[in-house]
Amino acid sequence: MGAMSERYEDIVAALRQAFPQPVSDRVHDAYFVFSFLRALDRVDAMKSQAPMLGKPEELDYEAARRSRIAEAPASLEQVSEQLVDYLSGMFIWGHPKAQINVVPSSSIPSIIGGLLPSIYNPNLASDESSRRVAVAEVEAVSMAADLVGYDAGRAGGVFTFGGTGTLLYGVKIGLEKACPGTRRKGVSGSAALVCSEQAHYACHSVANWLGLGEEAVIQVPTTDDNEIVPCLLESQLRDLLKDGRRIAAIVATMGTTDAFGLDDLKAVCGIRDELAHAFSLDYTPHVHADAVIGWAWSVFNDYDFDENPLGFRHRTLRALAGASRRIRELGRSDSLGIDFHKTGFAPYVSSAFVCRDAADLKLITRDPRATPYLFQSGQYHPGRWTLETTRSGFGPMAAIANLRLFGRDGLRSLLGHLVTMAEALREHLEGHQATHVMNRGNFGTVTLFRVYPEGVDTFTVPDRELRDPRYREQLLAHNAYNRRIYELMQAEALSGEGVVISLTDCYRETEYGEPVVALKSYITSPFSDERYVDAVLESIWRARDKLAAEESTQT
Ligand SMILES: *Cc1c(COP(=O)(O)O)cnc(C)c1O
């Protein structure tokens with residue numbers, strides 16, 4: 001565009017080309033699609049053998065802060081080129097050599113599901129403004145409700161801004177049950193949010209944002225398998241109730257972020273019922289299942305593990321059954337959260353909050369007088385009770401795309417494959433005396449492990465490090481050792497040779513209060529393959545040899 005100002009009509013005429021045409025124009029549609037194709041082509045040019053687009057980038061925030069809006073418009077072509085450049089240096093989560101975190105690759109239908117509403121902007125505040133996309137939300141919620149074991153005819157829910165959002169809805173409803181009228185008068189008293197020590201920090205965020213305060217979060221210790229200790233939950237709840245505290249919510253974590261620990265939801269609900277009775281409570285403490293990771297395993301609720309029609313290996317079957325035995329209890333929760341963007345192969349953000357009994361939603365429904373300009377017609381008005389006003393159709397459309405694409409068998413097969421790969425990794429790590437799997441009792445697609453130098457007895461040392469304060473020095477030295485292993489593996493992976501895994505600074509605390517560092521392999525790619533499991537191991541041995549060589553030159 002020239003330096004001389006154009007007349008506004010000319011500018012508008014040019015900019016119109018950058019919008020989808022309101023009436024059928026196949027030639028312009030081709031231009032639209034072709035523009036996207038060119039963007040994809042540029043992205044493709046960034047691919048290599050490494051699990052990353054382009055190269056690792058030095059991020060220049062100084063330059064970013066000097067950015068200003070230009071005087072003249074740019075062309076669609078210029079802008080889309082520039083947009084693609086922002087992807088440079090991104091990990092390709094769906095690459096089999098990326099085993100970093102619980103980030104899936106998105107299926108093509110789920111991407112299209114997300115794109116369509118971004119063209120037409122349905123607003124899920126109401127069916128007045130979203131029409132059949134509102135139906136998609138009801139379908140997705142009903143399918144999810146039925147899948148996890150709720151009565152879909154009675155359940156209700158919405159898509160919201162991430163797993164944290166789902167937890168916020170659950171705890172908010174629980175708070176209204178425990179302290180009726182909070183919505184009007186604000187928080188009074190000191191209601192508690194009870195969860196495990198391995199629960200996601202989102203519990204703290206929610207307590208903070210709801211005005212309960214982070215100190216209202218009471219964390220109950222977990223077993224070595226990262227699940228809440230039921231008898232400690234019970235004594236904790238008893239103490240709170242004796243002190244006259246109200247219970248805003250009990251959060252059961254159904255798939256912890258680092259280790260895939262699964263709380264015993266049946267026991268949690270049993271304890272809740274028993275104490276509500278024993279203390280003659282005038283409300284039933286709300287149990288919210290933070291199942292944002294674990295929900296997907298619900299597809300195994302009705303899998304015949306004896307017949308094994310999909311033909312999983314024995315070790316895989318055992319792992320799937322191990323997770324299923326907890327996940328099949330999800331229907332007992334009062335509400336739960338689902339991240340389709342964690343274990344459902346959908347793009348960010350696609351999270352559903354689902355309530356076992358839609359009647360609970362009345363507790364957070366606004367007075368219709370507060371929204372005079374909305375909800376004049378139609379019959380579906382989640383905007384009456386959602387925190388958000390505008391809600392995008394992205395989440396439900398992406399979710400429904402995958403629920404349809406996969407069916408139960410598709411999701412079973414994908415999860416089964418990822419678990420098979422994780423189990424193959426574990427088999428090797430358990431078989432070698434220099435490595436120790438930390439989350440042995442957790443049967444997901446994440447493996448936490450530690451690597452030890454030559455001469456450490458890995459039959460006894462890892463366990464002693466966890467419990468015996470006399471092993472403090474050794475624990476800390478091995479923490480540092482694992483950090484070094486991680487750095488070497490990372491450097492190798494970024495050069496295109498190895499596999500990118502990650503490191504957790506505190507997989508859990510030792511019984512004497514020190515953090516345990518662990519290496520983490522999170523397998524989420526449909527393209528994962530035994531070759532890449534071997535590549536992780538080879539990279540570990542190379543890193544270990546390198547450290548041993550450094551050690552011997554120092555002494
Ligand atoms: C990731 C995660 C969350 C937070 O979900 P977001 O979608 O990142 O907001 C909450 N709980 C658990 C267990 C998680 O793993």
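**Aromatic contacts, salt bridges and the ligand shell**

One aromatic cluster is formed by F300, Y303, F305 and F312. The model is predicted. Across the whole structure, a search returns 12 aromatic pairs. One of these pairs is formed by F159 and F340 and is stacked. The ring centres of F159 and F340 lie 5.8 Å apart, with 15 degrees between the planes. F159 belongs to strand 1 (residues 156-160) and F340 to helix 13, so the pair ties together parts that are 181 residues apart in sequence. Both F159 and F340 are buried.

F260 and W297 form another aromatic pair. This pair is tilted, with 45 degrees between the planes and 4.6 Å from centre to centre. F260 sits in the loop between strand 4 (247-253) and helix 11 (265-278). W297 sits in the loop between strand 5 (287-290) and helix 12 (314-327). The pair therefore ties together parts that are 37 residues apart in sequence. F260 has a relative accessibility of 2% and counts as buried, because the cut-off for a buried residue is under 20%. W297 is also buried, with a relative accessible area of 2%.

The ligand is surrounded by residues that include G162, G163, T164, H200, G255 and T257. Also in this shell are D290, V292, I293, D339, H341 and K342. By class, the shell comprises 2 nonpolar, 7 polar and 3 charged residues. Polar side-chain atoms approach the ligand at several points. For T164, such an atom lies 2.9 Å from a ligand oxygen atom. The ligand taken alone exposes 380 Å², and the protein buries 85% of that. Two or more residues of the shell come from each of helix 7 (163-178) and helix 13 (340-343).

Charged side chains were examined next. A search of the whole structure finds 40 salt bridges. Among them, E9 and R7 meet through their side chains, with an N to O distance of 3.0 Å. E9 is partly exposed, at a relative accessible area of 35%. R7 is exposed, at 55% relative accessible area.

A salt bridge also links R467 with E511, whose closest N and O atoms are 2.7 Å apart. R467 lies in helix 15 (residues 461-467). E511 lies in the loop between strand 10 (502-509) and strand 11 (515-522). The pair therefore ties together parts that are 44 residues apart in sequence. R467 counts as partly exposed, with 30% relative accessibility. E511 counts as exposed, with 57% relative accessibility.

R484 and E550 form a further salt bridge, with 3.2 Å between the closest N and O atoms. R484 lies in helix 16 (residues 472-494) and E550 in helix 17 (residues 530-554), so the pair ties together parts that are 66 residues apart in sequence. R484 counts as partly exposed, at 31% relative accessibility. E550 is partly exposed as well, with a relative accessible area of 30%. Elsewhere, salt bridges that share partners join D146, D302, R408, D409 and R412 into one network.

Key
Residues are numbered from 1 along each chain as its sequence is written. This is a predicted model: local features need pLDDT of at least 70, side-chain atom pairs count only at pLDDT 80 or more; totals for chains, interfaces and linings use all residues. Side-chain values use heavy atoms; hydrogens and water are left out. A residue is near a molecule or strand if one of its heavy atoms lies within 4 Å of it. A polar contact is a pair of N or O atoms within 3.5 Å; within protein, one must be able to donate a hydrogen and the other to accept it, and residues adjacent in sequence count only if both atoms are side-chain atoms. Accessible areas come from the Shrake-Rupley method with a 1.4 Å probe; for residues, only the protein chains shown count as cover. Helices (H or I, at least four residues) and strands (E, at least two) are DSSP runs, numbered from the N terminus. Ala, Val, Leu, Ile, Met, Phe, Trp, Tyr, Cys and Pro count as nonpolar, Asp, Glu, Lys and Arg as charged, and the others, Gly among them, as polar. Rings of Phe, Tyr and Trp (its six-membered ring) pair if their centres lie within 6.5 Å; planes under 30 degrees apart count as stacked, over 60 as edge-to-face and the rest as tilted. Buried means under 20% relative accessible area, exposed over 50%, partly exposed in between (1.4 Å probe, protein chains only). A salt bridge is a side-chain nitrogen of Lys or Arg within 4 Å of a carboxyl oxygen of Asp or Glu.
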